[in-house]
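Subject: Structure handover

Hello,

Here is the structure for your files. My notes follow it.

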Amino acid sequence: WDEGLGALLDLMEEKGLTENTVLVVTTDHGLAMPLAKSTLYDRGIGVFCIVRLPGGRQGGAAYEGLTSHVDVLPTLLDYCGNGGIARFQGRSLAAALRRENCPGSAFAFAAQTYHDYYKPMRCIRTEGYKYIRHFSTAVSHMVPGDARQGAYRDNLDIIYGHSQRSYEELYDLEADPDELMDLSEDEDTRQVRIDLATHLVRWMSDIEDPLLNEMIPSDTYLQSVHDLKALLH
């Protein structure tokens, strides 16, 4: 990774792009391990995002606010002065790049519909809580196919043995940062669960999430039905 990024930085310098280029380095998911990749736990959706401004000599600073990948595009447009960011779902963090006050978002959302098999789920995260909503009866702990040959492969039966108890999950991220103690059936956090579920469904409605109307067919299903119907002609 260091060699690849270093080669890119060298090429930017060689082409005279260093002084007028904003470089964003990030990834698309967390580690390919159980309860990480292909889940909506923080180990799956929490990724690094490093931004280097033109020149790259401003010194390092960490942004601690709650943010999401949907904020990257409006941030770049705003920083470059292009405007038009109001039409985007995300918000600009250009103020943070300028070392100005820039509070984090109240909510961050994440979604998965397919990864190896149909397992639609949506989540909302605040600074203190994570609420996950499931829309299928698939096992709750899925290990993606490209990770099943790892060192934990002998424990797959244990991992898959945790059948999904509910279509909801709720975690207190301050008391339980590893998201191991599901509070979705805890009466003490009932109002938190209802509030987060309400914000989640409003977001799903705002983005016209098709899951609010029906199951989302897979490419395999569509192709199979197409090929089968072709036999009628």
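Leu-97 is in contact (heavy atoms within 4.5 Å) with Val-51, Leu-53, Thr-75 and Tyr-79, leaving aside its neighbours within four places in sequence. Leu-97 and Thr-75 are 22 residues apart in sequence, and their C-alpha atoms are 8.9 Å apart. Leu-97 sits in helix 4 (residues 94-97). Helices (H or I, at least four residues) are DSSP runs, as are strands (E, at least two), numbered from the N terminus.

The model is predicted: local features need pLDDT of at least 70, side-chain atom pairs count only at pLDDT 80 or more, and totals for chains, interfaces and linings use all residues. Residues are numbered from 1 along each chain as its sequence is written, and side-chain values use heavy atoms, with hydrogens and water left out.

Next, helix 6. Its buried residues are Arg-193, Leu-196, Ala-197, Leu-200, Trp-203 and Met-204. They lie on the same side of helix 6, because they cover an arc of only 125° around the axis. That arc is taken from the directions from the helix axis to the C-beta atoms. Buried means under 20% relative accessible area, exposed over 50%, partly exposed in between (1.4 Å probe, protein chains only). The buried residues of helix 6 pack against strand 3 (108-115), strand 4 (117-125), strand 5 (129-134) and strand 6 (168-172). The face turned away from the buried side carries exposed Arg-202 and Asp-206. Glu-208 follows helix 6, with a positive phi near 55°.

Last, Trp-1. Its place is in the segment before helix 1 (2-14). Trp-1 is exposed, with a relative accessible area of 59%.

Best wishes
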